Amino acid sequence: MSRPRALENIRVVDFSWVRAGPWATRWLGALGAEIIKIEWPESERGRLPSTTTPRNAEVNLNTSGNFNDTNVNKKSLSLNVRSAKGLEIVKRLIAISDVVIENFSSRVLRNWGLGYDELCRIKPDIVYVSMSGYGHTGRNHHYTTFGPVAQAVSGLTYLSGLPDKPPAGWGWSYMDDTGGMYGAMCALTGLYHRNMTGQGQHIDLSQMVASVPLNGPALLDFTVNGRGSRRAGFPPGNRAHWPGTPLVSNYRGPTVAPHNAYRTHPGGYNDWCVIVCHSDEEWQRLVQMMGAPSWAGAEKFATVAGRLRHQEELDEHIEAWSMTAEKYQLTERCQAAGVRALPVQSAEDRVEHDPQLRHRQMYQAMEHPALGIHKVQNAPFKFSQTPASNHLPSPMIGQHTQEIVEGLLGYSHEALRAGFDDGTFWPARRARFPYMEEMLQ
Amino acid sequence: MTDAQTLPGPLAGLRILELADETGQFCGKLLGDLGADVVKIEPPGGEGSRRVGPFLDDIPHPERSLSFWYYNTSKRGITLNLATADGRALFERLAAASDVILETFRPGFLASLALDHETLCKQNPRLIMCSLTPFGQTGPWRDYLSSDLLHMAAGGEMASSGYDEADVPSAPPIAPGGGNAWHMGCHFAYMAIMAALVHRTVSGLGQYIDVSIHDACALTTEAAIANYVYRGEVVRRQTGRHHAAGATPRTQFRAKDGTYVCALIGGRLNPRFVGELADLLDSYGMAGDLKDPKYQDQAFITENTSHIIDDLIANFIASLPAEEVYHAAQERGFTWGAVRAPEALVGDAHLHDRGFWKQVEHKELGRSFVYPGEPAIYNGSSWRISARAPLIGEHNTEIFCDELGLSRGELLVLAENRAI
């Protein structure tokens, strides 16, 4: 007998699109909730355009690799919610669901006639999580975000880079991933509260606002000490401190050296290893590892203050040594000697070469009806009683329309056919996928 | 401010024991600010994360770490020495009456003291224990040492972040700062704990959860994995914008005040967008030739992409302060933003409207300080900072004497014997 999942019997009506919202419901799905993704091909965002369709596959709504990775563990109902009939159907679905989640801008759901008050009329204890750019209240609620804009406006982008250079920022939508995490966290918190009190609620999450608390120590340095982050030597690249600038905390742990990325053999684009020594003892272990070269015995490198002061020279010496070994080899040797070191890993490195991620089964082969078998990112938490892992490939658009409309909501097969003909379940003039024709037989 | 401010938090009634260093303390804050009673258990003398700067007035002291202050709001603090039999016995008593234990010890440490979940759940079957560790409880890297920077390297964050060759030749991959490896791990840990709590409301039983920070970081690089899995592509780093398999147009522009604006343009250059862009630039008299009808032709736009981005938009942004570009563009529907330093947020009117900033009283200093507030507003239960971070052992008497029933004399003996 298979073990239960943590969110067994929880149903989520998922209006979300693009990345942040779908990333939230992906995890609720991995934890066992039934995720019903409401989609409409004319206004779909997330399936197209795709730069992750395999080169040998046709580009269509069902062949985006990134969509597949972002939307495992879900079902898809294609439904025109902006029609009276579609709205009626989605209300019947909400009436038997636990959570409604969406990441539109702040007034969209209300304009559809599905504001929180209406949701409560349909399902009094509904947990409603809205994941908008700026939230539903506040003067800028109508502003819009993508991850990079939330990161810029909140101060996150500024934390990344070399001093006196433009911000390097985050090379991806960190706040789409993390905004998705908060979406799932809010839904779970709301569900727990509902199970304990019988009360649902509206949780108004803002991607931009949720980014701000991630700058906590930098913000307190300002509100308490009056020290802003626009200052010499900040941000300090990969270092804890930039040489020649005042010694202050740069919000990434202890102020120590070495603390940097070093090139490794054979010097390719991602051939780097990071090495950090948190103490004199760890530094001495590194010195032994390097074969106790004479430069490392110099008095100026014996103390953390000296290593910080002479960091340029220190880093040059370390890199001359690190260039002699390959990054995984270097990592293994350092870690065996008690020195903090790990390789910079590309996506290929993580999927193919990282022994720990392989051991944790973080990339799990799954078959998708249109894409075939590919590796999909798995869950990072291992539960003793309620295992969480991927169990459904991402849905093809509208793949579960019959299952939900007839099976779950109890409409007749005739009603399903009529809904396809009148544009409720699929645009009347749009070509149907073969699996849609099958469900209409 | 809403009425919900006066309601209990959504996690009211939960007792959490937190035995966490800098890697896991944020998870306890997330739980505590939402109403859980989080009891932070520190070794005698205090947790090592109290030595992390910055410090109040730059004076290092375990009670003056602003990093510790920030990550330990809404918690009570006690000290306990698990190396002593008395310490372990007290811990067992606390565990018997708790809902969740969050711990960040090295794998196997609690089991070596017979304080692992399997043992503790015998007296408290409802107990949930979450171990949050750098690499998880098993596997070849299980005992590896780590740091925030190490996780950003191995997790893939660095491989995606850095500079265009034209901006910084031969730049290294760059690890974004701020301790975000710990945030990533704590977000997944919070999610796992809440899922186990929801499940417990139905099953009545607790369980053990093993969360890995490395897994969490490796999961937080958006489409990088899909790019590799489906296209075999390894992405390149670009200044202030997304990694990509091939070069994409810049999105970060220098404003008149020397700060930057993030202006998302690439992939959007169609006649409609260019028309709206012309209106925005024209409202400052800077549309150049952009209002010419020839820009209604997609092919012409595509041919002149560099002119639009590198001349017109770049010059427009260079002529104004970043904040003005941000608001003017957003009011016209552009998803653009100013690249701000964190301190600029303190004066942000939108955050003010949402009641975001909180005054937190530090009674022993006779002062209050401004702290960042909630990521989300719950309309039926409150988020609040119930107290500043605890002082070392601040609640020893309250918890050991008032709640567990020890006498003041017994507490004294425990202190003398370094059990607390």
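The crossing is right-handed. Residues in contact (C-beta atoms, placed from the backbone, within 7 Å) include A:Trp23 and A:Trp27 of H1(A) and A:Gly179, A:Gly180 and A:Gly183 of H7(A). Helices (H or I, at least four residues) and strands (E, at least two) are DSSP runs, numbered from the N terminus.

In helix H10 (residues 280-289) of chain A, A:Glu282, A:Trp283 and A:Leu286 are buried, with 20 or more other C-beta atoms within 10 Å of their own. Seen down the axis of H10(A), the buried residues fall within an arc of 100 degrees, so they line one face of the helix. The elements below are among those covering them.

| Element of chain A | Residues |
|---|---|
| strand E8 | 272-276 |
| helix H11 | 304-309 |
| strand E9 | 340-343 |

After H10(A) comes A:Gly291, with a positive phi near 85 degrees.

For chain B, the domain assignment (automatic or from a database) gives domain 1 as 3-220 + 352-416 and domain 2 as 249-254 + 260-339. Over C-alpha atoms, the centres of these two domains of chain B are 45 Å apart.

Residues are numbered from 1 along each chain as its sequence is written, and chains are lettered from A in the order in which they are written. Because the model is predicted, local features need pLDDT of at least 70 and side-chain atom pairs count only at pLDDT 80 or more, while totals for chains, interfaces and linings use all residues.

Terms used. A residue is buried if 20 or more other C-beta atoms lie within 10 Å of its own, exposed if 12 or fewer, and partly exposed in between; C-beta atoms are placed from the backbone. The arc is that of the directions from the helix axis to the C-beta atoms. Two residues are in contact if their C-beta atoms, placed from the backbone, lie within 7 Å. A crossing is left-handed if the near helix is turned anticlockwise from the far one by less than a right angle, and right-handed if clockwise.
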